[in-house]
Amino acid sequence: ITDISSPGAQQVRLSWEGSASSNYKIQATADFASWQTVIQDIAGKDGLVTRTLGTADAPSTLYLRVGSMP
C-alpha cells in the first residue's frame with residue numbers, strides 16, 4: 001500500500017502499485033489472526049490502483065492488506 005487517505009466521512013481510500021498480470025484482493029482484520037476478504041477480483045493494471053472502502057460497519061481498529069491473486 002503506497003497511500004491511505006480519507007476522502008469522506010466513514011471512508012478509506014487505498015492505493016498501491018499494480019501489475020496488469022495480476023488481480024488483487026483487499027483483506028481486513030481487527031486482530032491479525034482472522035483476515036477476511038472484503039473485496040476480491042480487482043482487475044490489475046500497470047501503475048497505481050486505487051479503491052475506496054466504506055468503514056461504517058468496521059471495528060474502530062482495523063488493519064488492511066492488499067494481496068495479488070493468481
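**View 1. Ile26 stands opposite Val66 in strand 6.** The model shown is predicted, so local features need pLDDT of at least 70 and side-chain atom pairs count only at pLDDT 80 or more, while totals for chains, interfaces and linings use all residues. Residues are numbered from 1 along each chain as its sequence is written, and side-chain values use heavy atoms, with hydrogens and water left out. Strand 3 and strand 6 pair in the antiparallel sense over seven bridges; two strands pair if DSSP finds at least two bridges between them. Strands (E, at least two residues) and helices (H or I, at least four) are DSSP runs, numbered from the N terminus. Leaving aside neighbours within four places in sequence, the residues in contact with Ile26 include Leu14, Trp16, Ile42, Leu53 and Val66; contact means heavy atoms within 4.5 Å.

**View 2. An open sheet is formed by three strands in the order 4-3-6.** The pairing in this sheet is antiparallel. Strand 4 (36–42) and strand 6 (63–69) are the edge strands, each pairing on one side only. On average, neighbouring strands of this sheet are turned by 20° against each other, direction ignored. Axes for such angles are lines fitted to C-alpha atoms, for helices over the stretch in contact, and the angles run from 0 to 180 degrees between N-to-C directions.

**View 3. Gln27, in strand 3, makes side-chain polar contacts with Thr37 and Arg65.** The distance is 3.3 Å to the side chain of Thr37 and 2.8 Å to that of Arg65. A polar contact is a pair of N or O atoms within 3.5 Å; within protein, one must be able to donate a hydrogen and the other to accept it, and residues adjacent in sequence count only if both atoms are side-chain atoms. Gln27 counts as buried because its relative accessibility is 12%. Buried means under 20% relative accessible area, exposed over 50%, and partly exposed in between (1.4 Å probe, protein chains only). Beyond four places in sequence, Gln27 is in contact with Trp35, Gln36, Thr37, Val38, Tyr63, Leu64 and Arg65.

**View 4. The largest nonpolar core has eight residues.** They are Val12, Leu14, Trp16, Tyr24, Ile26, Ile42, Val49 and Leu53. At least two residues of this core are supplied by each of strand 2 (11–18), strand 3 (23–29) and strand 5 (47–54). Strand 2 gives the largest share, three residues. A nonpolar core is a set of buried Ala, Val, Leu, Ile, Met, Phe, Trp, Tyr and Cys residues joined through side-chain atoms within 4.5 Å. In soluble globular proteins, nonpolar side chains tend to be buried together.

**View 5. Strand 1 (residues 3–5) and strand 2 pair in the antiparallel sense over three bridges.** Ser5 has Arg13 in strand 2 as its bridge partner. The two strands form a hairpin with five residues between them, and Gln10 in the turn has a positive phi of about 55°.

**View 6. Strand 2 and strand 5 pair in the antiparallel sense over eight bridges.** The bridge partner of Glu17 in strand 5 is Leu48. Thr50 also lies in strand 5 and counts as partly exposed because its relative accessibility is 31%. The side chains of Thr50 and Ser15 are joined by a polar contact of 3.1 Å. Not counting residues up to four places away in sequence, Thr50 touches Arg13, Leu14 and Ser15. The C-alpha atoms of Thr50 and Ala9 are separated by 18 Å, the two residues being 41 residues apart along the chain.
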